[in-house]
Amino acid sequence: MNKFKRLLFSIHSWFGLITGVFLLLLGLSGSILIFKDELDEWIYHKTLTIKPETKVLPLDSLYKIITNKYPNLDGIAWINPLAAKDQSYHFRLYLNDARLESYDLGAININQYTGEILRSGRSDDLEVGWIEWIFEFHFSFHLGMPGAALTAIFGLTMLISIITGFIIYRKFIWKVLTFKVKIKTKNWRMLSSDLHRVVGVWSLLLNTIVFFTGFWMNLFAFEAETWKKETIPTPNNTLVKASLDKMYAESLQKMHDLMPSYVYLPTQPEKKFSVRGNLKGQNPMFAGGNCIRFDANTGDFLSLSRFENFNFWEKVEALFFPLHVGNYGGIPIKILYIILGLTPGLLAITGFMLWLRRKMRVIHD
C-alpha cells in the first residue's frame, strides 16, 4: 500500500471512529423524522385530536392566546395550516433564554374552535413530546449553538469519509453495483468487510446529498452574529398591528395556487408576516422558493416569489431542504430515506470491526 493510500485509509478510519457514534445518532433520529408529523399525530392522538365545530376562531385570536402565554418570543410559525377539521392547530415557538447551550424551540397545540391549549412547552425537555425532542436533537444534540455547529462538522466529516472511502474502494464500486460482490458470512471479519463495502457503495450518492445539505443548512452556527443574538434576551413581544386573518386571506388570493405549509407570525418589529408552501400540482422538491410577504404593521403587500423565478444558485439552495428530508417522492422515497438513515450507523459499526481486526492482527504479529 503506497503512502498516499495509507494516508487516505488513516483519514477514513479515524474520522469514522471519532464520529461514528454521533453519525449513528444523527442517522437514527433522521430516519424517525421522515414521518415526523405522522408519528406525532399517532403517538399523541388523544391529546391532539379535537371535536370539529362549525366556526374556527380567527387567527388573530389564536395569536393573542399564544403571545399572552409567551410574552417574549422571537416569532411564531403555524406549521399545519391545512390541518384536518379534527386536528388541532400546531404552532412552532421561537424562544430565547439567552443561553448558548440551549437551542430555543418550542411548540403549542391549540383547539382552533375553543382556544383551549392542548399542549405547550419547550422542545428540549419533553414538555411537547418525544417527536419534538428528537426534532431539536437532530440538528443540535440539545447543546444549543455549539451543538448546531457540531452537527455541521459531523456532516463535513462524513463527507470526508465518503470521499476517502470512494477513492479507497473505487475498484469495487462497479462490481457492487452489478451484484458481482457477494457478502460472505463465513466469519465476522469477512461479513463486516463485505457489508462495509456494499452498504457504502449503495448509500454513497444519497449519503453525500443528505450530509452535504445538512452541513449547509447548519452553516448559520458558524456566524458570530448568530451566537451574539443567542446571548441577548428577547424583548417583550411587539404585536402585529394589521389583521393576520386579512393578510393570510390576501396571500391566498395573490398566490391562488399556493398550498400553505408554513405561516410565520411575527412578534418582533423587524420581522414580516409570510406564507410558504407548495403550488398545486408541484413536486415538494421545488417548493422552497414559494413565498409571499406582508408588512405586519401596515398590512401592505411586500413581495411574492416563486421557485421558477429564482436564479440558478437560488434554485439549487432551495432544493437543499427537500433533498435532506426526502419529502419529494411519496412513501417509496421516504422508506428509502429511512433505510438510508440506518447506513451511517452500520458503516460506523462495520468500520469499527475492521479497525479492531487490524489492531488484533498487529498485536498477534
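Two strands are taken to pair if DSSP finds at least two bridges between them, and the legends below apply this to a predicted model.

**View 1. Strand β5 beside strand β6 in the predicted model.** Strand β5, residues 258-265, pairs with β6 in the antiparallel sense, and six bridges join the two. Among the residues involved, Y264 has its bridge partner in β6, namely S274.

**View 2. Strand β6 and its pairing with strand β7.** Strand β7 covers residues 291-294 and runs antiparallel to β6, to which four bridges connect it. The bridge partner of R276 lies in β7 and is C291.

**View 3. The packing of helix α1 against helix α6.** Helix α1 (residues 3-33) packs with helix α6 (residues 144-168) at an angle of about 140 degrees, and their axes are 8 Å apart. Since angles over 145 degrees would count as roughly antiparallel, this value makes α1 oblique to α6. The crossing of the two helices is left-handed.

**View 4. Residues in the contact of α1 with α6.** On the α1 side the contact includes K5, L8, F9, I11, H12, F15 and G16, together with T19, F22, L23 and L26, while the residues that α6 contributes include T151, F154, T157, M158 and I160, as well as S161, T164, G165, I167 and I168.

Terms used:
Residues numbered from 1 in each chain as written. Predicted model: local features only at pLDDT ≥ 70, side-chain atom pairs only at ≥ 80, totals over all residues. Heavy atoms only, no water. Axes fitted to C-alpha atoms, helices over the stretch in contact; angles between N-to-C directions. Parallel < 35°, antiparallel > 145°, perpendicular 65-115°, else oblique. Left-handed = near helix turned anticlockwise from the far one by under 90°. Contact = heavy atoms within 4.5 Å.
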